[in-house]
Amino acid sequence: MSSKRSSRRRFIKTSAALASLGAGMSLPVNAQIPRPPGYPPRRPDEHYDYGIRSPFVTSKRIGTNGQRGTDPREGRPRDYGFRTPHHELFGTITPSSLHFIINHGYDAPNIDPVEHRLMIHGLVERPVMLSLDDLYRLPAVSRVHFIECSGNSNVTGRRFYPGWLRTQPEATVQDTHGLASCSEWTGVLLSTLLEHVGVKKEAKWFIAEGAETGFHSKSIPMWKALDDAMVVYAQNGEPLRPEQGFPLRLLTPGFEGVNNVKWLRRIKFTDQPQLSKRETSNYTSERADGTFRWFEFENGTKSVITRPSGQMKLSGPGYHDITGIAYSGRGAITRVEVSTNGGRTWQDAEIQGTIHSKAFTRFRLPWLWKGEETVLMSRSTDDKGDVQPSVAEINQELGLNLSHEWLEAGNPGTSHFNGIQPWRVKRNGEVENALFTV
Amino acid sequence: MHYLLFNRSLVLGLLTLLLTTVDAQESPFGDIGHTPSPAEIENLDISIMPDGEGLPPGQGTARQGEPIYNTKCVMCHGPNLEGRRDYRVGRLAGGVGTMKSDKRVKSFGSYNPVVTTLWDYTRRAMPKFEEGSLSNDEVYALSAYILYKSDIIGQDEVMNAETLPLVVMPNRHGFIPSALDEIPDIEARGCRSGRCR
């Protein structure tokens, strides 16, 4: 500390001496080259220690319905879901700092990774407690996968749920689709851990549990453990962020977000599901006949145009690249089609880069806008042959009549809504959400 | 000759190694990690299953639960267990039989399929801001009070590890698929990717 201060004082003294020496003398010519605009005197050490983005880049997460809920008892920010700003991002990897957050109303705990343990027990031959160092010794994999909340892009109409602003003309793509993000995750496949503990034949389910207040727990079918579920300790090349479950989380590729248990402390193999609160009270879908769908798991194929999208303004007629993201909870994206005339005709979009299974896939289509009012929309297809449905198709399949009137009358909407997202481009170039108005 | 013998013993050696590796009694990764003691497992394992597996000793009745409710729960869940819209707290009791009607009143009593969810969640997450502070007896008594207020059990019925799992919730069959063994398979569950009819 003191040496730093004295060296700084020495530097100030030396520069003062140099300045007095230079007074009245003509400077060498190259010293008169102006500094580039915006060149800072010296960046604080933090820029070199970890890296800070340009002050001109301001994209950030926002809460559901454009606000953070406040907890009435403590006045603290409480999450109704903090959303990824897709309209300001590029490519397929969401920066860890902008990955969406849902913590069921609890703050992320600060867990000491040296103290943290994952216990694996239940219907296994050899129950085990694993430290992070133990997990580092086991074979690791790195895979690109999205996580999506089952409430993402939902149409529910209820004010505090994602469905309210989501249906309004002023919604941005962050409001409509911000509860999905995609990362490269590193960790140990659950199938590898199964070899380590020797799972018994009777095991049909496993229960994953977090270490946060309330100990969120979720039952998941056994086949997912044998297939592609992972215990993850790193995201985009560095340890998980606290909001993403540091030091450990479960990753269940393609399954609705609630299954990807953060701050993972326990996995229990069982012969039945637990039917815990977030398998019964929440994360179910109401049907028009008063029954409820539970354990829906796989997120359907979905795509959305991120540019141009809600609340953007086109600078004028002429060439504009249309771009967006597509993904499926059951496999890889094989096709994305785009319509620039409200669904009358469709063209195949170009798919960019490597296609990963259960991961964001970037698409683009060149577009010459003549200045007319029109509606842009995209439609994805996955390698299981599933095609992203229209709102009309969803209504027909679920016996609903989703519309502004239907929701305002208090009728149920639906979660797992993966309908086609329309964006209206007005004559003046302004873009608005056209859900229900195409 | 010597060469062949050597080769044969090498093959046998490799086979033996392979057989011990695939033996379910041993991990291919050796002894990585620590084997938890039964006490360590019991201490961490807080899962309560629908058949009551995991329920600890203790007991309570609705009559005993009422004063506990009025001290520790009423400020968020309301004097009549009606919940509080401004706190986003749902109803705990009432509305039994309305789930198939035009005016559905969703509460723990009218909507939830199994009773163990109530016990499990109350112990792990209630009361808000003082999570983990309730004794097992208090959790049994509060569960009894909440069930009593939905007319599912009587005021003096004792709830404990044996009696609680026997309580049948009115909406047990309001969930699709009703059979739990149909859930894992997407086809049996009647879903396409992402959407289930």
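Both A:F255 and A:F297 are buried, where buried means under 20% relative accessible area, exposed over 50% and partly exposed in between, using a 1.4 Å probe on protein chains only. This is a predicted model, so local features need pLDDT of at least 70 and side-chain atom pairs count only at pLDDT 80 or more, while totals for chains, interfaces and linings use all residues. Residues are numbered from 1 along each chain as its sequence is written, chains are lettered from A and ligands numbered from 1 in the order in which they are written, and side-chain values use heavy atoms, with hydrogens and water left out.

**Aromatic pairs**

- Rings of Phe, Tyr and Trp (its six-membered ring) pair if their centres lie within 6.5 Å; planes under 30 degrees apart count as stacked, over 60 as edge-to-face and the rest as tilted.
- Going by that rule, there are 17 aromatic pairs over all chains.
- Take A:F146 and A:F360: their ring centres are 6.4 Å apart and their planes are at 20 degrees, so this pair is stacked.
- That pair ties together distant parts of the chain, with A:F146 in strand β7 (residues 141–148) of chain A and A:F360 in the loop between β21 (350–352) and β22 (361–369) of chain A, 214 residues apart. For the naming, helices (H or I, at least four residues) and strands (E, at least two) are DSSP runs, numbered from the N terminus.
- A:F146 and A:F360 are both buried.
- Back to A:F255 and A:F297: they make a stacked aromatic pair, at 4.9 Å centre to centre with 25 degrees between the planes.
- This pair also links distant parts of the chain, 42 residues apart: A:F255 is in the loop between β13 (249–251) and β14 (264–270) of chain A, and A:F297 is in the loop between β16 (292–293) and β17 (302–307) of chain A.

**The aromatic cluster and its lysines**

- A:F255 and A:F297 belong to one aromatic cluster that takes in residues from chain A and chain B, including A:W205, A:W223, A:F292, A:W294, A:F295, B:Y111 and B:F175.
- A:K224 puts its charged end over the ring of A:F255, 4.4 Å from the centre. The cut-off here is NZ of Lys or CZ of Arg within 6 Å of the ring centre and within 35 degrees of the ring normal.
- On chain B, B:K106 lies over the face of B:Y111, 4.3 Å from the ring centre.

**Where the chains meet**

- Contact here means heavy atoms within 4.5 Å, and 73 residues of chain A are in contact with 62 residues of chain B.
- About 6,300 Å² is buried between chain A and chain B, with carbon and sulfur atoms giving 54% of that. Buried area is the accessible area (1.4 Å probe) that two parts lose on being put together, summed over both.
- A:F292, A:R293 and A:W294 supply 12% of the area that chain A buries against chain B, more than any other three residues.

**Strand β9 of chain A**

- Six of the six residues of β9(A) (residues 205–210) are buried, so the strand is largely enclosed by the rest of the structure.
- A:W205, A:I207 and A:E209 point one way, while A:F206, A:A208 and A:G210 point the other way.
- β9(A) pairs with β14(A) in the antiparallel sense over six bridges, and A:F206 has A:F269 as its bridge partner there. Two strands pair if DSSP finds at least two bridges between them.
- β9(A) also runs antiparallel to β10(A) (residues 217–221), joined by five bridges; A:W205 is partnered by A:P221.
- The hairpin of β9(A) and β10(A) has six residues between the strands, and A:G214 takes a positive phi near 90 degrees in it.

**A five-strand sheet in chain A**

- This open sheet has the order β20-β19-β23-β24-β25 with antiparallel pairing.
- β20 (347–348) and β25 (431–433) stand at the edges with a single partner strand each, so one side of each has no neighbour in the sheet.
- Two bridges join β19(A) (residues 333–339) to β20(A), where A:E337 is partnered by A:D348.
- Six bridges join β19(A) to β23(A) (residues 374–382), again antiparallel, and A:V336 stands opposite A:S380.
- Five of the seven residues of β19(A) are buried, so this strand is largely enclosed by the rest of the structure.
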